Amino acid sequence: MLADKNKIAEINQSLLTEHRRRFEYAASEVKNVEAIIQKLIDFNIAIPSWALGTGGTRFGRFSGAGEPRSLEEKMEDIGLLHAINQSSGAISLHIPWDIPKDYKAIKFLATQLGLKFDAVNSNTFQDQQDQELSYKFGSLQHVDKAVRKQAIEHNIEVIKHGVELGSEALTVWLSDGSCFPGQLNFRKAFQNTLESLQEIYAALPDDWKLFVEYKAFEPNFYSMTVGDWGQSLLYANKLGPKAYTLVDLGHHLPNANIEQIVALLLMEGKLAGFHFNDSKYGDDDLTAGSIKPYQLFLIFNELVEGMDARGMNHATDLGWMIDASHNVKDPLEDLLQSVEAIMLAYAHALIVDRKKLNAAQEKNDVVAAQEILQNTFRTDVRVIVAEARLRSGGALNPLQFFREQKIREQLIKERGTKTVATGL
Ligand code: PSV
Ligand code: MN
């Protein structure tokens, strides 16, 4: 199903007078509003192919209806999102959940929908039906060389798919680790993992990057072999200039200062990018900005500061992706909410008065520094983000559009009520 551009324009028209009134006020309050709008227009957040269906926990999964049944339908869903918000113009594939069969046809569909192929993701955390050896005790870390070889070959296969589609990065997330003390020799597990990653790294095309994603726990509950940003950075540094550390917001121990982690990784030129989500307790994979929007802003504040310090392009020099699970919401509505929250956090970070903040820091004026950040966060930038969307042809109010146009109802008519999308 494709979103009707004329309908978007028609509904925008009915909201325009009120929007203009609010925008004029916001534009008078914010410095450089035109430059900020351009940055917002340029910014895109990739949607993973596994996020279009209902997620679940080990206790159950309550499927929605009208879920995409194939990679093509997943792409259509992302195309829909992108048509509505103009900020979701990329898809990240997880192999083998979404193996492209006909590259030419898939690339053609992507062009039609205005989508690019973001990082490709390998999967050595599950056993597949036709798989010879099991990953029960790890993949790249495994004590058995044959298992490591199988996992390395899978990653190289994933790179090949990515090359065909025009991706430029491989994200490796490993569930490798141990559940009990004594199960694993940490040093040997690290060495095996490093050697395996080195083989994968060697198979990367020249212009590709390798993203090493870390996670504190789950599914292993005593140790994870890439458990935190320190370990990921160790691998990335040992691997070479094409390897980077990927931050997934849900992959930290409670209360970790993620914004500081981001600042230092950026300083070292080793930040790959982000998997956005939000959490209260662990890897909850909730909608970005739904629990801790201030933290999301503080992270973006460091991102903008750090990227500007290195002269980086905000839109293209890091990988931006949502990695959330939707257990009780319509996945498409949830993704619209996540993208909006990310755009708001980015917009807030763009309007921080850096000169004033820097001066407050140099004077140890703690109160002024806090005031600058909190006043920024309390500034309403929703209308600025909406203006950027309007200028790119998106809907002024994406969620309202989705609901009023009864998009899910139409998808259910097309696909039925019993469809289940692949993923977790
Ligand atoms: C692991 O929790 C993770 O964040 C990794 O990025 C996976 O590839 C993804 O979720 C989907 O399972
Ligand atoms: Mn992730």
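Modeller: Let us start with a loop. Pro219 sits in the loop between β9 and β10 (223–224). Keep in mind that this is a predicted model.

Colleague: What makes the bond between Glu218 and Pro219 stand out?

Modeller: It is a cis peptide bond, with omega at about 10°. Most peptide bonds are trans. A cis peptide bond also joins Ile95 and Pro96, where omega is about 15°. Pro96 belongs to the loop between β4 and α4 (103–113).

Colleague: How do you know whether Asn32 is buried or exposed?

Modeller: Count the other C-beta atoms within 10 Å: Asn32 has 11. Exposed means 12 or fewer. Asn32 is therefore exposed.

Colleague: Why is Trp173 called buried?

Modeller: The cut-off for buried is 20 or more other C-beta atoms within 10 Å. Trp173 has 22, so it counts as buried. Trp173 lies in strand β7.

Colleague: Which residues does Trp173 touch, leaving out those up to four places away in sequence?

Modeller: Trp173 touches Asn121, Glu213 and Lys215. Thr124 is 49 residues from Trp173 along the chain, yet their C-alpha atoms are separated by 8.3 Å.

Colleague: What makes strand β12 (residues 271–276) largely enclosed?

Modeller: The count decides: 6 of its 6 residues are buried, so the rest of the structure largely encloses β12. Strand β12 runs parallel to β11, and 4 bridges join the two. Across that pairing, Asp248 stands opposite His275 in β12.

Colleague: How do you know that β6 pairs with β7?

Modeller: Pairing takes at least two bridges. β6 and strand β7 (residues 169–173) have 2 bridges, in the parallel sense. The open sheet has 6 strands, ordered β6-β7-β9-β11-β12-β13, with parallel pairing.

Colleague: Why are β6 (120–121) and β13 (319–322) called edge strands?

Modeller: Each has a single partner strand, so one side of each is left without a neighbour in the sheet.

Colleague: What is the strand order in the open sheet of 3 strands?

Modeller: The order is β1-β4-β5, with parallel pairing. Here β1 (47–48) and β5 (116–117) stand at the edges, because each has a single partner strand. β1 pairs with strand β4 (residues 90–92) over 2 bridges. Pro48 has Ser92 in β4 as its bridge partner.

Colleague: What makes α9 and α10 oblique instead?

Modeller: Helix α9 (residues 293–309) and helix α10 (residues 331–350) pack at about 50°, with axes 8 Å apart. Roughly parallel needs an angle under 35 degrees, and roughly perpendicular runs from 65 to 115. So the two helices are oblique to each other. Their crossing is right-handed. Among the residues that meet are Phe297 and Phe300 in α9, and Ala341 and Tyr346 in α10.

Colleague: Last one. How do you know that the buried residues of α7 share a side?

Modeller: In helix α7 (residues 229–239) they are Trp229, Ser232, Leu233, Tyr235 and Ala236. They cover an arc of only 160° around the axis, which puts them on the same side of α7. Their cover includes α6 (186–202), β9 (209–213), β11 (243–248) and α8 (258–267). Gly240 follows α7, with a positive phi near 135°.

Methods
Residues are numbered from 1 along each chain as its sequence is written. Chains are lettered from A and ligands numbered from 1 in the order in which they are written. This is a predicted model: local features need pLDDT of at least 70, side-chain atom pairs count only at pLDDT 80 or more; totals for chains, interfaces and linings use all residues. The arc is that of the directions from the helix axis to the C-beta atoms. Two residues are in contact if their C-beta atoms, placed from the backbone, lie within 7 Å. Axes are lines fitted to C-alpha atoms, for helices over the stretch in contact, and angles run from 0 to 180 degrees between N-to-C directions. Angles under 35 degrees count as roughly parallel, over 145 as roughly antiparallel, 65 to 115 as roughly perpendicular and the rest as oblique. A crossing is left-handed if the near helix is turned anticlockwise from the far one by less than a right angle, and right-handed if clockwise.
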